[in-house]
Structures are given as structure tokens and as C-alpha cells.
Amino acid sequence: RRNVVTVVAALYKEKGIEYFLGSIPLIMEKVRDAHFVVVGDGDERDYFIQLANDLDISDHVSFLGRRQDIPSILEASTVLVLPSSEREGFGLALVEAMAMGVPVVATNIGGIPEIVIDNKTGFLVRPKSSKEIADKVVMLLNSVEIRNRLAVDARKYVEDKFDSKKQTAKLESIYIELLQRKNLI
């Protein structure tokens, strides 16, 4: 199976796509069969395509635009990268990837550390660091063991933290406890 490294993000500067693209030559030095996929659209799309040309990596990067089939793209991915450089809210693509057992590399910014526990459910890297992105991606591409360990832990973490039935049950038990304290039940 081919090594596919995917980014799912709006194509704006603050999403850190340029740092992801900057990591590709570093990754390609160590993992020659890797292919890179950028899913999303935005005002900076042409800039990023030109940057891929300037970095001489355009043969290794596919810009897919906006897509509705994210789960099937994630299923075909070896690693998901979320390279946000300035801010990031929830990171839905991270949760989706983790739930599917796709290892993740994401920047330690905004709400991401609430989703990714470094070296447990994925890898966190400093924002704006192509080298750190490359180092973690190479580690994942070269080690089935690390990918599998992160995938298992991430899947369990997402199930525990984001499963709606479990969240509803926790909320119900809190309500029951509060009602019992007030002697209402």
C-alpha cells in the first residue's frame, strides 16, 4: 500500500498549508514512495499550488479541492496532518481520522491539544515547523508499530470522549446525582 499523507483544511494561510508543503521535500528524502493529498478549497489555493511548483514537489501532491467523501479519503490515508499555524478550533478532521484509526500529526495550538495527546493519541508539533512535521510523519510512515499503537489509543480516546451515547449517560448520571442530593428523587 502506498504511503498517503493527507491534509483536510480550508486553504488559508493560518491553516499552515505552506509548512505542510515545506515538510514534503524533507519527508521525500527518507520515504520516496509517499504521496501527499490536500483536501479543501480557499482563497490561497493558487498560492499553494504555485508553492508546490516552486518546491518542485507538484508531482507528489494532489490538490483535490472541496470534497464530500472525506471518510473514504481518510480511509485511504496513512497519516493525517493538521498543520494550523495561527489558530484552530475543534479540528473535526482530526476526530474523524482518529475514530477511523488514522494516525495524526497536528500543531500544538488552539483546541488541538484537547483532542490530541502527544505520543498517545497522535503527535503534536510546534506551529510553523516544517521540520517537526516531517520528523513525525517520517516516524509514522516508517513504523507500523507506532502507527498501530497511536491508532488503537486514538480510537479508544475518541470513543470515550466524543461518543454521544456515553456523553448522554454521563450527563444523566450527573442529573440523577444532583436530584438525589436535593432529595427530589
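Author: What follows is a short talk about ring pairs and about charges over rings, and it concerns a predicted model.

Reader: How many aromatic pairs turn up in the whole structure?

Author: A search of the whole structure gives two aromatic pairs. In one of them, Phe20 and Phe36, the ring centres are 6.1 Å apart and the planes meet at 65°, so this pair is edge-to-face.

Reader: Which parts of the chain does that pair link?

Author: Distant ones: Phe20 belongs to helix H1 (residues 17-30), while Phe36 belongs to strand E2 (residues 34-39), and the two are 16 residues apart.

Reader: And Phe20, buried or exposed?

Author: Phe20 has a relative accessibility of 0%, so it counts as buried, and Phe36 is likewise buried, with a relative accessible area of 0%.

Reader: What about Tyr47 and Phe48, how are their rings arranged?

Author: Their centres lie 5.2 Å apart with the planes at 65°, so Tyr47 and Phe48 also make an edge-to-face pair. Tyr47 counts as partly exposed because its relative accessibility is 32%, whereas Phe48, at 0%, counts as buried.

Reader: Switching to charges, what sits over the ring of Tyr47?

Author: The charged end of Lys13 does, at 3.9 Å from the centre of the Tyr47 ring, so the ring that pairs with Phe48 also has a lysine over it.

Reader: And which residue lies over the face of Phe123?

Author: That is Lys136, which is placed 4.7 Å from the centre of the Phe123 ring.

Definitions and conventions: Residues numbered from 1 in each chain as written. Predicted model: local features only at pLDDT ≥ 70, side-chain atom pairs only at ≥ 80, totals over all residues. Heavy atoms only, no water. Phe/Tyr/Trp six-rings, centres within 6.5 Å; stacked < 30°, edge-to-face > 60°. Helix = DSSP H or I, 4+ residues; strand = E, 2+ residues; numbered from the N terminus. Buried < 20%, exposed > 50% of the residue type's maximum accessible area, 1.4 Å probe, protein only. Lys NZ or Arg CZ within 6 Å of the ring centre and 35° of its normal.
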